[in-house]
Amino acid sequence: MGNVLELRDVKKTYKPGFIPKPKEVLKGVSFSVAEGEIFGYLGPNGAGKTSTIKCVLGLVYPDAGTISLFGRSPLDPRAKDKLGFLPENPYFYEYLTGREFLDFYAQLFRVEKSERAGRIDRLIKTVDLERAAGLPLRKYSRGMLQRIGLAQALINEPTFVILDEPLGGLDPLGRKEIRDIILGLRDAGKTVLFTSHILQDIEMICDHVAIIVKGRILNQGRLSELVSEKILFTEITVSGIAEEDLRAFGDCVSVRDGRALLKVPIEDDVPKVLDLVRERGGRIYSLVPRTQTLEDIFVDTVAKQ
Amino acid sequence: MTILVIARHTFKEAVRDRILYLLLFFSALSIVLARVLAVLTVGDRVKVVKDVGLASIGFFGALMAILIGTGLVYKEIEKRTIFTLISKPIRRFEFLLGKYLGLIWTLAVMIAAMTVIYLIVVFLHTFTIEFRMVLAVLFIFLELILITAVAILFSSFSTPILSSLFALSFYLIGHFSWSLETLIKKTPPGTRRTLLRGLYAILPDLENFNIKTEVVQNLPLPAGLWLGAIGYSAVYTAFVLVLAVWIFRRRDFI
């Protein structure tokens, strides 16, 4: 499968203010998004995620490097025919109703009038805003704005969707709904690039990940390749065993109400702990093997930087 | 097509602005008060009604163009609605020209409303309606086409307050630059005169669109006057819009 988006050594320095004070936000960003995958663009706040997306959309001009969107320049309107975009903290025209807003954007994609109403109805249903579709957007809650924003990103039936922090500021239920919609997009064969600083979200739904820190991509690859299946340590919660005896196998992280949480770094020691508990007539409450998570990789990457 | 979609949306946005109706109210008040002023005048009262009415349409129309035009593009950037718009298959010049045409459309509706009020007031005073009065309004509209372009130009790179000040200065300079011509005539030939001529060529001359005297005094309107005004408005507006597009295309939307 080909690449929908390719960035090669993209650099950008902002010079805001009357007396410009240059701020280098992108220091040679390179990555590519393959057709049909969910690509997670991960980084702390201010790392350069939104600036990268703005370069891809033609909102900001890179100082150096190349960007290819569907094989074209991002400034070519034809490159955006099959592109959907949801900005971070979406602000829309407050005086328009949800339906009018979608109709306006559908017209920008030259969607025929006969087709518009049906498509808008379907999208309103997908994002579960049937009851609010006739209300002006100023009456929408943050979660509703996020959902109508997602609907506008899909109004042209795009094959590639860019979502900037789509799960930010949503409650757990709202996040799950948006996550399900994103997974539904992949099932429908669409390519998705989304940014987040919430690691669990990326880990849950992404195929491919790139980590950007201070304007540089420090780590990228398939999630399955980045995150090792190797067990890092095992957490065992036990009672009825003296803390000193447990220390022979690892660190006692906490002891509360007679229960000790033991962190066992060597996998072969785990059966020994279980044998000891059985011998002494103790009790096991939990046994959790901890494999490497994206969070570990992220923290490690940021720490190295 | 895209330009028209944005223009229609801009029209919908602009007609929701309360400033528009406030200015329409004051212009109507001013046109009606011209009749009261005429009563207090010694001489030709009809001329006062006609002259003050046309001046009101011109002044309040310019205020509408400046106060709404200077905020149109800036608001899109400030409220970040431009992020989703530019991510659609739109070229930046289409966005800017759509905004411009949307405001021209709004002004056309407002000027039409003011003209109806004006014609009613004049009719109640004279029991006649002359085409020449409508022609004077059309000349005012030519001026507004240019002023709107200037407002959009400043709005593409500056805040509404600064843009309003710049556009208002353009309007005032444009109506007083003709006095430079008198100064040029009184200045002896030489470097100073050449410099003054250069300055006069650069500065706008909005008096090109003022045919109030001809209309009110029933003077002839030669074809050269018409063509000159249309040509001046077209060339100057095109120049200002090209400049606005050039600046807008180079902007980063941070």
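Colleague: Which residues in H2(A) meet H3(A)?
Modeller: In this predicted model, A:Gly98, A:Arg99, A:Leu102, A:Asp103 and A:Ala106 of H2(A) meet A:Arg116, A:Arg119, A:Ile120, A:Leu123 and A:Ile124 of H3(A).

Colleague: How do the residues of that contact divide by class?
Modeller: The contact of H2(A) with H3(A) has five nonpolar, one polar and four charged residues.

Colleague: At what angle do H2(A) and H3(A) pack?
Modeller: The angle is about 125°, and the axes of H2(A) and helix H3 (residues 113–126) of chain A are 10 Å apart. The two helices are therefore oblique to each other.

Colleague: Is the crossing of H2(A) and H3(A) right-handed or left-handed?
Modeller: The crossing of these two helices is right-handed.

Colleague: Turning to the contact between the chains, how many residues does it take from chain A and from chain B?
Modeller: Chain A gives 26 residues to the contact and chain B gives 19 residues.

Colleague: Which elements give two or more residues to the side of chain A that touches chain B?
Modeller: They are helix H1 (49–57), strand E5 (83–86) and helix H2 (98–108) of chain A. H2(A) supplies the largest share of that side, four residues.

Colleague: And what is the make-up of that side by class?
Modeller: On the side of chain A that touches chain B there are 18 nonpolar, three polar and five charged residues.

Colleague: What are the confidence scores?
Modeller: The model has an ipTM of 0.80 and a pTM of 0.84. For chain B, the average pLDDT is 89, and 100% of the residues score at least 70.

Colleague: Another topic: in what order do the four strands of the open sheet in chain A run?
Modeller: The order is E11-E12-E10-E13 of chain A, with antiparallel pairing. Strand E11 (251–256) and strand E13 (283–291) of chain A each have a single partner strand, so they stand at the edges and one side of each is left without a neighbour in the sheet. On average, neighbouring strands of this sheet are turned by 15° against each other, direction ignored.

Colleague: How many bridges do E10 and E12 of chain A pair over?
Modeller: Strand E10 (residues 231–239) and strand E12 (residues 259–264) of chain A pair over six bridges, in the antiparallel sense. A:Ser239 has A:Arg259 in E12(A) as its bridge partner.

Colleague: Which helix lies across E10, E12 and E13 of chain A?
Modeller: That is helix H9 (residues 269–280) of chain A, which runs at about 155° to E12(A).

How values were computed: Residues numbered from 1 in each chain as written. Chains lettered and ligands numbered in written order. Predicted model: local features only at pLDDT ≥ 70, side-chain atom pairs only at ≥ 80, totals over all residues. Contact = placed C-beta atoms within 7 Å. Nonpolar A, V, L, I, M, F, W, Y, C, P; charged D, E, K, R; others polar. Axes fitted to C-alpha atoms, helices over the stretch in contact; angles between N-to-C directions. Parallel < 35°, antiparallel > 145°, perpendicular 65-115°, else oblique. Left-handed = near helix turned anticlockwise from the far one by under 90°. pLDDT = per-residue confidence, 0-100. Pairing = 2+ DSSP bridges.
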